[in-house]
Amino acid sequence: MRFVPRFTDGRPFAEPLGKIVCVGRNYAEHARELDNPVPSEPLLFIKPATAAVSLEAPIEAPFARGEVHYETELALLIGETLSNATPEQAERAVLGLGLALDLTQRDVQARLKEKGHPWEVAKAFDGACPLSAFLPLAEVPDWASLSFTLEVDGEVRQHGRGSDMLFPVPALLAEMSRHFSLQPGDVVLTGTPAGVGPLPRGATLAFSLAGGLEVTTRVVA
């Protein structure tokens with residue numbers, strides 16, 4: 001069954017989830033912590049709809065394939081078709097704000113990078129994108145003031161702020177729409193801040209997004 005995005009008031013979105021469009025290294029400190037160059041333009045990649053699962057459900061990760069890292073990200077639910085959009089058009093198409101984990105098979109990704117191969121298999125596996133419910137948006141928010149946090153077993157591991165993004169949300173969405181259309185039901189992940197690390201088996205993860213979204217889940221041991 002296709003994953004259907006839901007709002008925090010329980011309403012399902014009218015369309016099933018389409019694609020999940022992601023941006024790499026949108027926080028300079030995260031790029032540096034992995035010894036990657038800070039990009040001068042967005043690094044885009046796509047996860048399929050089959051990668052999505054509920055963030056509220058226990059997280060099952062493919063530990064047998066090597067180390068799996070957590071990457072917490074602000075998620076945007078798209079409600080209108082965007083193609084070659086302006087930043088102003090793009091931000092008005094966002095219907096909801098949520099949180100997501102961009103789970104990454106780091107060992108697999110490292111091996112593929114060394115060979116110069118694409119690394120989608122390290123990012124796009126089934127269950128690679130746990131998604132929260134979305135806070136409904138009645139108006140365009142102050143993107144720079146948005147902030148979110150991940151705690152692992154009560155310890156803050158990641159704290160992201162919209163003001164720290166290299167490519168702010170409106171400009172990022174407009175750039176994405178230059179390369180491929182965004183459609184209703186698509187979800188955009190906006191990059192992860194510093195603090196990524198191995199997903200601990202059996203850990204409790206607590207997520208919060210300023211504005212009233214809180215989610216607690218656990219990692220299956």
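**Exercise 1.** Work out how far apart Arg-178 and Glu-175 are in helix H4, and say what their side chains do.

*Solution.* Start with the helix: H4 covers residues 169-179, and Arg-178 and Glu-175 sit 3 residues apart in it, so about one helical turn separates them. (Helices are DSSP runs of H or I with at least four residues, strands are runs of E with at least two, and both are numbered from the N terminus.) Next, look at the side chains: they meet in a salt bridge, 2.9 Å from N to O. That term means a side-chain nitrogen of Lys or Arg within 4 Å of a carboxyl oxygen of Asp or Glu. Last, check the surface: Glu-175 is partly exposed, at 23% relative accessible area. Here buried means under 20%, exposed over 50%, and partly exposed in between, using a 1.4 Å probe and protein chains only.

A word on the model: it is predicted, so local features need pLDDT of at least 70 and side-chain atom pairs pLDDT 80 or more, while totals for chains, interfaces and linings use all residues. Residues are numbered from 1 along each chain as its sequence is written, and side-chain values use heavy atoms, leaving out hydrogens and water.

**Exercise 2.** Find the salt-bridge partner of Lys-123 and say which parts the pair ties together.

*Solution.* The partner is Asp-102, with the closest N and O atoms 2.8 Å apart. Now place both residues: Lys-123 is in the loop between helix H3 (106-114) and strand S8 (129-131), and Asp-102 in the loop between strands S6 (94-101) and S7 (104-105), so the pair ties together parts 21 residues apart in sequence. Both Lys-123 and Asp-102 are buried. The whole structure has 9 salt bridges.

**Exercise 3.** Locate Asn-84 and Asp-153, and decide whether each is buried or exposed.

*Solution.* Take Asn-84 to begin with: look in the loop between strand S5 (72-78) and helix H2 (87-92). Its phi is positive, near 50°, though Asn-84 isn't a glycine, and at 55% relative accessible area Asn-84 is exposed. Now Asp-153: that one is in the loop between strands S10 (147-152) and S11 (155-161). Asp-153 also has a positive phi, about 50°, without being a glycine, and its 54% relative accessibility makes Asp-153 exposed.
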